[in-house]
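Here's a quick briefing to read with the model open beside you.

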Amino acid sequence: DSASNGFSFKGIKDYLDCYRSGKLTPSQVAKNIIAMLEDCDKSMPPLRAIVQWDQKQIMLMAEASTARYRNKCTLSYLDGIPVCLKEEFKVVPYHHRVGTVYLGTEPETEDSTVAKKLREAGAVIIGVSNMHELGTGTTGCNPNRYHKIPRNPYKPNHFTGGSSSGSAAAVAAGLCPVAIGTDGGGSVRIPASFCGVVGLKGTFGRISCHGSLPLSYSTVSVGPICTSVADAAIVYSILAEPDPLYPYGLKQPKATLSDMCAPDLKGLKLGVDWTFFKACDAEVLSICEKAVEHLQSLGASVVEVSLPEIEEVQVAHAICILSEMRDFLQPDFNKHFQDMNLETRATLAMASQFTALDYITANRQRTRSMTFLREIFTTVNCILTPAVASTAPRIYESDLLTGSSNLSFTIRSMRFMQLGNLTGIPGLVVPIGYSTAGLPIGFQASISNLCVMAKWWDEAVLLRIGLKLEQFRNQTKKPSIYYDILA
């Protein structure tokens, strides 16, 4: 809990305080949310953060939570907390459209593992959130009839980032303090950064992907988007555990939050490759350099490291994720080509040019990069980079009709993201300031531990550094679209 001056986002603790004091019940909060969802559908331009919601479903979950508070038998810290899930996850009774117009023709009858765990924790699922069609881009631009383009709550004429676009927009706009996204190439961290909220990509396999569309089986991790690092830690601690239905995470060590609330960062070594770090806009660089100094002032030491073969990493990641998506979506590409957005068609057509040899070579690069990281992580506890090289791009009129395809922006937005996705290490994005245009600037810490294999599973160090990064941001600017659900 931290005192703040001026505006602050409403987080899990604010909701719990209201419920425990009797100031508000989950049912009253749910009614407020339903009114806000109706309002943001009618606003000009529409926010388009939540693309499917059901009043009856929301009230059922909220009333059950209200009864638990009355009887003092709550299920977890998420009891009564409004959450949304990216449309990539199966959530009963919504359509599993994954950002398309052709998938999910019937309502779902079975939850994904993440949706199931949130229900078991007592969370109130307020709906499913917008996403870039099939997760194929980093803007969040999705002009089809079911989705439309979600708006950045800080600057409604700018993109949210993608592909977990609606999840970040919903959190930044105050509709819910917690949203769940997937991240195969920055899809949690890029929109969190553009929308000025916190995004955590767990270690590959840490949180179950079962029940989400398996677009890329070797790069995608699940993670929360929240208003604060503490909230991300709460959600992570509830979702992070082995799932018999998801083999990649079966052998994981127990998730802990050890030393997360340590008073300082003494003893931590932060790795920075300055050449790589500086490959961003001057405005972003200036504030990120100051954030590194802030971490040093808390006792951490900065160690200069060299991240080898970064360009090869970026190419290898692109080959892996696009080859796997093209493989999985081959029947869709043949059968539903005309139903896809133009950008999706172009991306999948490009992906078809990669050969088996390209894919094998890319995976050899993955092995090399993981070996390099193991070596680097014997000398440092984490690696620091900016989150995204620039702030959110503008939405143009033509984007609303035909979508947006800007390969140079896509490559630039993923620059600091791909190492984490290719090698499976976790990453956290924390907003640390704002551009002169008022758009958020984020900062990323990718982590490890001194123990050789544990480093891939030690999100606790990330969260510890994240808490201290939040202190660096001396003010939080209020988004221009913001709903105060607890007012």
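Val461 counts as buried, at 11% relative accessibility (buried is under 20% relative accessible area, exposed over 50%, partly exposed in between, with a 1.4 Å probe and protein chains only). Val461 sits in helix H17, residues 459-472 (helices are DSSP runs of H or I with at least four residues, strands are E runs of at least two, numbered from the N terminus). From Val461 to Lys478 is 17 residues in sequence and 29 Å in space, C-alpha to C-alpha.

This is a predicted model, where local features need pLDDT of at least 70 and side-chain atom pairs count only at pLDDT 80 or more, while totals for chains, interfaces and linings use all residues. Residues are numbered from 1 along each chain as its sequence is written, and side-chain values use heavy atoms, with hydrogens and water left out.

**A mostly hidden helix**
- Helix H7 (residues 229-239) is largely enclosed by the rest of the structure, because eight of its eleven residues are buried.
- Among the buried residues of H7 are Asp231, Tyr236 and Leu239.

**Salt bridges**
- The count comes to 13 salt bridges, each a side-chain nitrogen of Lys or Arg within 4 Å of a carboxyl oxygen of Asp or Glu.
- Arg206 pairs with Glu459, with the closest N and O atoms 3.4 Å apart.
- That pair links Arg206, in the loop between strands E5 (198-201) and E6 (221-226), to Glu459 in helix H17, 253 residues apart.
- Arg206 is buried at 1% relative accessible area, and Glu459 is buried at 0%.
- Arg412 bridges to Asp281, with the closest N and O atoms 2.1 Å apart.
- Arg412 is in helix H15 and Asp281 in the loop between helices H8 (274-277) and H9 (282-297), so the pair ties together parts 131 residues apart in sequence.
- Arg412 is partly exposed at 25%, and Asp281 is partly exposed at 30%.

**The second largest pocket**
- About 660 Å³ of space lies in the second largest pocket.
- Of its 36 lining residues, the closest to the centre are Ala318, Ile321, Leu322, Thr410 and Met414.
- A pocket here is an open set of points on a 1 Å grid over the protein atoms alone, where a 1.4 Å probe fits, with protein on both sides within 12 Å along at least five of seven lines; lining residues have an atom within 4 Å of a point.
- Helix H10 gives the most to this lining, with nine residues.

**A surface spot**
- Met350 is found in helix H12 and is partly exposed, with a relative accessible area of 34%.

Key: Points joined across faces, edges and corners; volume = space filled by probe spheres on them.
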